[in-house]
Amino acid sequence: MSPHEPTPAPVAEPHTQEPGSDNRTGRLSVCTKVCYGIGGVPNQVASSASAFYLQPFLLDVAQIPAAQVSLALFGGKVSGAVADPVAGFFINKSRRTRSGRLMPWALGCMPFIALAYFFLWFLPPFTSLRGLWYTTFYCLFQALATFFQVPYTALTMILTPSPRERDSATAYRMTMEMAGTLMGAAVHGLIVSSAHGSRRCEDPGVQLPGSTAVSPDAARLYCLAAAVVALTYPVCGSLLCLGVKEQPDTSAPASGSGLSFFAGLAITSRHPPYLSLVVSFLFISAAVQVEQSYLVLFCLHASRLQDHVQGLVLTILISAVLSTPLWEWVLQRFGKRTSAFGICVMVPFSILLAAVPSAPVAYVVAFVSGVSIAVSLLLPWSMLPDVVDDFQLQHQHGPGVETIFYSSYVFFTKLSGAGALGISTLGLEFAGYKAGACQQAEEVVVTLKVLIGAVPTCMILIGLCILMAGPTPKTPSQDTSAQLSLRRRTSYSIA
């Protein structure tokens with residue numbers, strides 16, 4: 001059947017309850033929520049490891065010039081951003097299978113993501129084309145991870161009609177992903193901890209022209225860490241497949257033919273609550289990415305915190321994991337906009353770390369930063385379903401636009417991260433960064449302090465101002481939510 005032909009009304013069948021949910025209340029079982037959350041762990045494990053350690057690996061282990069690293073990071077982020085609307089287009093054009101429409105895309109991408117991630121950390125024997133090697137595999141990794149993330153996050157909208165249960169499922173997902181983030185940084189960091197350190201630079205015999213602060217075994221350690229992280233994809237994918245069943249609701253016929261992808265994108269991009277959400281988190285997500293990307297380099301080259309890198313990274317992530325359930329309670333109790341002010345808690349502490357880079361201050365800053373990062377990651381995914389419902393209340397011709405909202409949101413946030421990381425890494429090149437050197441120039445130290453303090457502060461404050469000034473989406477009643485869920489699940493395809 002052509003995707004442009006109307007879907008015939010299904011034959012009436014005895015209504016069966018979807019596994020893991022109560023169709024009368026939209027309530028999801030704990031098992032379903034846990035398995036759904038586990039499905040997102042591998043991407044977060046890999047993203048956490050690359051966020052904290054990819055730049056030091058490319059600069060100090062692979063010995064790539066900072067300008068080429070800037071190009072690799074920018075190209076990878078842009079490829080991931082471009083893959084978002086492309087993924088939404090192909091997913092919406094695909095036919096529903098026995099496993100559903102979204103699940104086959106999510107599960108089918110996992111083996112290829114694992115391979116791309118492993119080769120991203122592999123040190124090829126040649127040196128002249130290493131920049132091209134890492135740019136290629138980082139682009140592949142980001143694009144494939146996006147083809148997983150878009151259908152995976154869009155599952156939130158069709159698991160249940162209840163906004164409260166959707167928020168609960170989002171909290172489970174974010175908690176599991178935070179645990180994955182912690183596991184990625186912990187495992188990767190422990191394996192490669194001996195690759196960087198202050199002891200080699202404290203040895204006077206090491207500080208010779210052409211010497212580096214990197215262990216000769218660094219390439220092997222990074223490759224081993226990549227293999228361990230890559231194994232999480234088949235393990236967590238199996239649990240996602242077993243615990244979450246995407247099934248069509250056959251209780252009613254389709255009510256409309258839906259929007260085409262590009263027509264839907266043109267309409268959704270003009271929806272005021274969505275514009276406010278996207279523009280605000282363009283700045284906030286870019287600030288978080290800059291903070292994560294330069295923490296390790298700041299500790300290695302702009303302070304005497306080389307021996308505290310692993311401890312600081314774990315402090316940030318443990319704080320984020322532990323505070324996520326607390327922020328979920330705050331979201332339910334005080335509202336999502338009030339919770340947004342928790343993001344700015346890290347602002348004064350980031351400036352303090354740049355001014356006073358001592359170990360006690362660094363650990364306090366790491367703990368507070370983790371609390372703020374938790375709400376910055378949880379908040380947009382809790383607000384996005386409300387924006388989708390608000391849009392569908394105002395546009396009766398817009399069933400099945402969930403994937404467009406999710407894919408375009410990730411597209412814009414990744415694009416902002418690409419620009420922020422690309423420009424900032426290029427700044428290191430202009431400051432005179434020397435790959436693997438025991439001591440960097442004063443201009444590099446100043447640049448790293450600005451990137452860890454002033455840049456995230458400005459971005460967070462701008463993003464919060466835009467979010468607070470934007471319109472608030474209307475939350476539908478329980479009956480309206482059920483009708484919206486029925487409409488999206490019986491006419492989910494987009495022509």
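Does Thr457 count as buried or exposed, and at what relative accessibility? Thr457 counts as buried, at 9% relative accessibility. 

Thr457 is placed in helix H18, which covers residues 454-469. Because its relative accessibility of 9% is under the 20% cut-off, Thr457 counts as buried. Leaving out residues up to four places away in sequence, Thr457 touches Val347, Ser350 and Ile351.

## The chain as a whole

The chain holds 19 helices and two strands. Of its 495 residues, 58% count as buried. Contacts between residues at least 6 apart in sequence were also sorted by separation: 84% of them join residues at least 24 apart.

## Confidence

The mean pLDDT of the chain is 77, and 80% of the residues reach 70 or more. Confidence is highest in helix H4 (residues 103-120), at a mean of 91, and lowest in helix H19 (residues 478-490), at 44. Over residues 203-211 the pLDDT is below 50, and this stretch has eight contacts in the model beyond near neighbours in sequence.

Residues 478-495 also have pLDDT under 50. For this stretch the model has 67 contacts beyond four places in sequence. Where pLDDT is low, the predicted coordinates should not be read in detail.

## The largest cavity

How many cavities of 30 Å³ or more are there? The count comes to five. The largest cavity has a volume of about 970 Å³. Its lining is made of 40 residues, and those nearest its centre are Gln44, Ser47, Lys77, Gln289 and Leu377.

Several helices each supply at least two residues of this lining, among them H3 (66-93), H5 (130-159), H11 (272-301) and H15 (359-394). Helix H2 gives the largest share, eight residues. Sorted by class, the lining of the largest cavity has 20 nonpolar, 16 polar and four charged residues.

## The largest nonpolar core

The largest nonpolar core has 133 residues. Tyr53, Trp121, Phe141, Tyr294 and Val313 have the most contacts inside this core. Helix H11 gives the most to the core, with 16 residues. In soluble globular proteins, nonpolar side chains tend to be buried together.

Which residues does Val313 touch, not counting those up to four places away in sequence? They are Phe52, Tyr53, Ala185, Leu295 and Val296.

Ala46 is placed in helix H2. Because its relative accessible area is 0%, which is under 20%, Ala46 is buried. Beyond residues up to four places away in sequence, Ala46 touches Tyr117, Phe141, Val229 and Tyr233. Ala46 and Val229 are 183 residues apart along the chain, and their C-alpha atoms are separated by 6.4 Å.

Gln63 lies in the loop between H2 and H3. Is Gln63 buried or partly exposed? With a relative accessible area of 39%, Gln63 is partly exposed, because this value falls between the 20% and 50% cut-offs. The phi of Gln63 is near 60°, a positive value in a residue other than glycine. Most residues other than glycine have a negative phi.

How values were computed:
Residues are numbered from 1 along each chain as its sequence is written. Side-chain values use heavy atoms; hydrogens and water are left out. On a 1 Å grid over the protein atoms alone, a cavity is a set of points where a 1.4 Å probe fits but cannot get out, and a pocket is an open set with protein on both sides within 12 Å along at least five of seven lines; lining residues have an atom within 4 Å of a point. Grid points are joined across faces, edges and corners, and a volume is the space filled by probe spheres set on the points. Helices (H or I, at least four residues) and strands (E, at least two) are DSSP runs, numbered from the N terminus. Ala, Val, Leu, Ile, Met, Phe, Trp, Tyr, Cys and Pro count as nonpolar, Asp, Glu, Lys and Arg as charged, and the others, Gly among them, as polar. A nonpolar core is a set of buried Ala, Val, Leu, Ile, Met, Phe, Trp, Tyr and Cys residues joined through side-chain atoms within 4.5 Å. Buried means under 20% relative accessible area, exposed over 50%, partly exposed in between (1.4 Å probe, protein chains only). Contact means heavy atoms within 4.5 Å. pLDDT is the predictor's confidence in each residue, from 0 to 100.
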